[in-house]
Amino acid sequence: MTGGMATLVLGWLCAFHDPSEGGGNVLSALRNGSFAIMETYGSEGLALSNTHAETLRILTFSAFASHLVSVASTVLVTLLAYRTATQWLRASENLDDVNLTPIQYGLLIRTLGSGSLMSIINTLRYTSRSRRARAPRFFKEALVGVTGIYILSHVVGMVDLWLHSSARSVSVVRSIPVEAEARYGITYNEAKCGSFNKTELPCQKLIYSWQGIQYWALFEQWMYLQIYDTILDVNPYMKLEFVNDTAILVPGPVKNYKSHGFTFHTYGLRAQCVNLRDRCQTLTASGGQFVVPGGSPVTNCAEAGYPRFPYYTSGDLEPSGFDTRNIESFVLGVIGDEMGGAINGTAEFSSGWTSNPALTVVQLRWPNVTAHDSADTPGVGYLNALDLYATCSLSYLDVTARYDSIAAEWSIVDSTLSSPELASVFWTPLLFQSRPEQVLHSVRPYMTSRAAQAMQVLEMSLARLNMGYVSSLITFIPANNITTTRLVTLGLYPTAPTLLLVACLYIYSFASLLIFVLVCTSNNRMIVVPRQLTRKGEEDEERSALEVAQTWLTDPLPFIGLLFPGGDERNVPRSAESDPLRQVHDSDWELGKVGIGMYKGSNGGQAFGL
C-alpha cells in the first residue's frame, strides 16, 4: 500500500501538473524548485478578488501515507518476529548453535513486542557492552530490522511534516481547454469570386465593364462598405492585426472571442518595399540645384527594370525642372515583362494570374506642391516635386494563428505561401485603383526626410489596403484548440520533500515485501496436542510451532503463564496456545493474586520482587 501511495503521488504530479510552469516534469520541477499542481478550476470569468477554498491533494496523500506507515510498522515488526521465531526454533533444536541468554530473551521480547525507542536504546546499550554473552545472529537481525523500521517510519513522518510546512497554494489565471464550436476561423469564400478558371481573369465574377472601363465589384456596395470599415478599423465582424510585420485578418468584437483562447486559420499579407529613387534616372540640374524637398525629379526607371515607370499619359519634364507630366498615385502590377493596372486593372495583362509573391510598383505624388525660385538657384522651378517611387513584393500567406485570452494578443503559429491562384484573386482588387489615396495620405509625412520610415509605412499601408479588400471575400469557419480563462488554484509542492517522501515510501514498500517473502518461506512445523488435553477433549489438535514461538517472542504473557501455572492443572495445553491471553490462568482465588514488594527469599534473606 505504501508503494501504491507513492505511485499515486507520482501519477497525480504527472496528470495534474500545470503546463505553464516549465512543462511539469521532474527536470523542470528541479529547475523551478517545486511542483505546480492544478488543484481546481474556478468558474468562467471568476474575479481575482473572489475567495474560495480547496484541498491540497498531495498533502492529503502525504498525511494518509504517514499514518499508514505508522500503523503498518507494528504489523511489520510482528512479521519480523515470525522470521526470528523460525531461527530461534532452529537454534533450540541444534545444541551447537548459539542461543539466547535470559537477558537477551528479555530484551528481544521488549524490542519485538513494543518497538519503542526506549526498548531499542536498551538493546543497543546491551550490544555495546564489552563484556557480555555472545548473541545469536537472529538476535542482531531482529534488532537491526526493528531499528530500521522505526527509523524509516519516523523519517516518513518528518518528511510529511516538512512537506506540510513548506507547501502552499496560489491563485492564477489559466487557459483551460473546453469543448465549443467557435466560428473564429477565416477561409476564402469561392462563391464570391468563382472558381480558379485560368481562361478568365482572376475573380472574373466581380469584374464589370462600364463606359469602356473595367471596374472591380462596381455594383457591390455592401462589399465596399465592409472593405472601408475593415481598412478604417471599424468593422464589427473582422479587423486587421499586424503580427511580425504581417497583416492578418482576425475576428471582430461582435464575435465575442475575448474570453477564449483559440487557434484558427486565416490569411496574411507581408509587403516588402524598396525605394526606387536611387535606382532610377533623374534630371540633372543645369546652372543650379533643385530647391525641392524630394531632390532631383525622376525621369525614367529603365535601369531599375521598369522602362514605363513613372507612369503618365501626357506632359513632359523640361530641362529646367518644370514638370507637366500627369503623374498620379497608382499601385501597378508587374507580371513578367508586362506592367499594368492603371485604368482597367488586371484586364491590361495578357493573363492576370500572377505568381506568389506578387510584384507591385507604387508611384505616389502629392498634388499642387511647388518649389519656387530662390536667390541661390535662379531659374529652377519644379512643380509637383513631392513624389515617391517603390517596388513592393507582396507575399500572400495561409496563416495558422493563435489568440491568447490571458495576454489578449495575437500570434502566428505557422504560415505558408498561398497558392498562386488564391494570391491572384487577392491581388486583383488592389490593381483596380479604388483607394490609392489611402496609401498616399499615410506615407505623405515621411516622403521627404525619412526614407526608411517611408518604406515601413508604405508596407503597412499597402498591406492594410489589400487585406481590406480580402476581407470581403472570406467566410468564417470553426476554430480549434478552444480554451477559456479560469481562476485556478495551484498547489506548489517543494521538490525536495516531495521526492524524498516518494523515495521513502518505495523503500518502505520494498522492505515490507522482503519481510513478507521471508516469513512466507519460513518452516511452519506443527505441535500435536492430545485430545485429552484439548479444551473440548474430542480429538487431537495441531498447533503451529511457529505461531507459538512468535507469541513467546512478542508478548510477556506466555512467560507469566509459565511462572504462575494456576491451580486448574491445564498449564500444559495452555503452553501450546498461540493466543497469549489463553496462556495465563486467571482466577479470583487468593493464591492467584500477584503482589510486589519485599519478601523472604528461599535462603532466608530479604528480596524485592513478585
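1. Helix α6 supplies the largest share of the lining of the largest pocket, 8 residues. The model is predicted: local features need pLDDT of at least 70 and side-chain atom pairs pLDDT 80 or more, while totals for chains, interfaces and linings use all residues. Residues are numbered from 1 along each chain, and side-chain values use heavy atoms, without hydrogens or water.

2. The lining of this pocket has 19 residues, with Leu80, Glu141, Gly145, Leu514 and Ile515 nearest the centre. Elements giving two or more residues to the lining are α3 (57-93), α6 (137-166) and α12 (495-520). A pocket here is an open set of points on a 1 Å grid where a 1.4 Å probe fits, with protein on both sides within 12 Å along at least five of seven lines; lining residues have an atom within 4 Å of a point. Helices are DSSP runs (H or I) of at least four residues, and strands (E) of at least two.

3. The volume of the largest pocket is about 310 Å³, taken as the space filled by probe spheres set on the points. Its lining divides into 13 nonpolar, 4 polar and 2 charged residues, with Gly counted as polar.

4. Helix α13 (residues 545-554) is mostly covered, with 9 of its 10 residues buried (under 20% relative accessible area). Among them are Leu546, Val548, Trp552 and Leu553.

5. A nonpolar patch on the surface, including Phe559, Val594, Met598 and Phe608, has about 1,000 Å² of accessible area together. Helix α14 (residues 557-563) gives the most, 4 residues. Phe608, in strand β23 (residues 606-609), is exposed (over 50%) at 59% relative accessible area.

Key: Patch = residues over 30% accessible without salt bridge, like charges linked within 9 Å, V, L, I, M, F, W, Y side chains within 5 Å. Areas by Shrake-Rupley, 256 points an atom, 1.4 Å probe, with all protein chains shown as cover. Salt bridge = Lys/Arg side-chain N within 4 Å of Asp/Glu carboxyl O. Buried < 20%, exposed > 50% of the residue type's maximum accessible area, 1.4 Å probe, protein only.
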